[in-house]
Amino acid sequence: MSTPVLHVQHLVKQFGEFVAVNDISFDIKPGEILGLLGPNGAGKTTTIQMLLGLVTPTAGSIQMFGLDLATDREAILQQVNFSSTYVSMPQALTVEENLWVIARLYGLSQIQQRVDGIVKRFEMGDFRHKVTRKLSSGQSTRLGLAKAFLTEPKILFLDEPTASLDPDIAQKIRSFLKEERRSSGLSVLYTSHNMHEMEEMTDRIIFLQKGKIVAEGTAQEIVARFGQTDLEEVFVKLAREE
Ligand SMILES: Nc1ncnc2c1ncn2[C@@H]1O[C@H](COP(=O)(O)OP(=O)(O)OP(=O)(O)O)[C@@H](O)[C@H]1O
Ligand SMILES: [Mg+2]
């Protein structure tokens with residue numbers, strides 16, 4: 001058994017009296033794509049924010065690469081990146097400038113070469129000199145993904161990465177992600193409300209509901225366990241149960 005790249009134990013987040021994440025534990029193995037599934041408000045984004053060190057857990061521990069996020073934050077975050085459809089980059093900078101800022105923040109070398117490579121991969125040549133404020137939502141999502149891949153992370157947190165993409169680009173991004181995983185052993189935590197995408201992309205799924213893990217396994221295992229025909233049916237069944 002390989003050591004997990006991410007090891008989460010008894011993670012809790014309370015906002016006042018409200019418990020958004022309620023004692024969850026899970027691992028991600030090297031090269032694994034783990035899906036985080038659950039209805040609106042289940043605690044997915046809050047969990048990702050804790051993994052990124054942006055929100056302080058109320059209780060529990062987060063380890064990555066064998067280090068503790070509470071004490072080795074900088075060393076860990078150097079090897080981590082994320083993308084969220086709902087977090088935008090500085091609006092007054094151009095696409096290319098934003099990528100440069102990220103590259104500098106991570107202390108990367110050969111920046112222009114890397115930026116050119118990522119712009120090409122994400123087909124952003126047409127808008128690389130555009131100011132970020134003027135991007136369409138799909139273009140802005142691509143920029144978010146490009147900055148996430150630019151730093152060649154060992155673990156990537158993707159919060160609804162394809163939510164605003166057209167089907168063609170979404171499919172390209174999915175293939176790119178699979179290829180990265182194959183070639184570099186990238187590990188990914190992935191959220192999406194697209195159940196077909198979850199089935200296609202993930203090795204394993206954690207189903208969160210009201211901050212608790214209510215199901216865990218491969219998409220097929222979860223579908224079989226709940227006696228449904230696909231993940232969408234399981235989702236609707238679980239989401240409607242109190
Ligand atoms: N800063 C905050 N203060 C108070 N409550 C919060 C805060 N952030 C999140 N919450 C609450 O925590 C719960 C979980 O929110 P979260 O954003 O993690 O859900 P989610 O699973 O990502 O949902 P979605 O599918 O809608 O993105 C929600 O009820 C939300 O209102
Ligand atoms: Mg969310």
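**Figure 1. Polar contacts between domain 1 and domain 2.** Helix 6 contributes the most to the side of domain 1 that touches domain 2, namely 6 residues. (Helices are DSSP runs of H or I with at least four residues, numbered from the N terminus.) By class, this side of domain 1 holds 6 nonpolar, 2 polar and 3 charged residues; Ala, Val, Leu, Ile, Met, Phe, Trp, Tyr, Cys and Pro count as nonpolar, Asp, Glu, Lys and Arg as charged, and the others, Gly among them, as polar.

The model is predicted: local features need pLDDT of at least 70, side-chain atom pairs count only at pLDDT 80 or more, and totals for chains, interfaces and linings use all residues. Residues are numbered from 1 along each chain as its sequence is written, and side-chain values use heavy atoms, with hydrogens and water left out.

**Figure 2. The two domains and the area between them.** The protein chain is divided into domain 1 (6-79 + 153-240) and domain 2 (89-142), with bounds from an automatic or database domain assignment. Their centres, taken over C-alpha atoms, are 25 Å apart. About 850 Å² is buried between the domains, 55% of it on carbon and sulfur atoms; buried area is the accessible area (1.4 Å probe) that two parts lose on being put together, summed over both. In domain 1, Gln78, Ser164 and Phe176 lose the most area to domain 2, together 46% of what that side buries.

**Figure 3. Salt bridges of Lys172.** A salt bridge is a side-chain nitrogen of Lys or Arg within 4 Å of a carboxyl oxygen of Asp or Glu. Lys172 pairs in this way with Glu123 (3.0 Å, N to O) and with Asp168, where the closest N and O atoms are 3.4 Å apart. Lys172 and Asp168 both belong to helix 6 (residues 167-184), 4 residues apart, about one turn of the helix. Lys172 counts as partly exposed because its relative accessibility is 37%, between the limits for buried (under 20%) and exposed (over 50%; 1.4 Å probe, protein chains only).

Figure 4. Arg128 and Glu96 form a salt bridge through their side chains (2.7 Å, N to O). This pair links distant parts of the chain, 32 residues apart: Arg128 lies in the loop between helix 4 (111-121) and helix 5 (137-150), and Glu96 in helix 3 (residues 95-105). Both Arg128 and Glu96 are buried.

Technical notes:
Chains lettered and ligands numbered in written order. Helix = DSSP H or I, 4+ residues; strand = E, 2+ residues; numbered from the N terminus.
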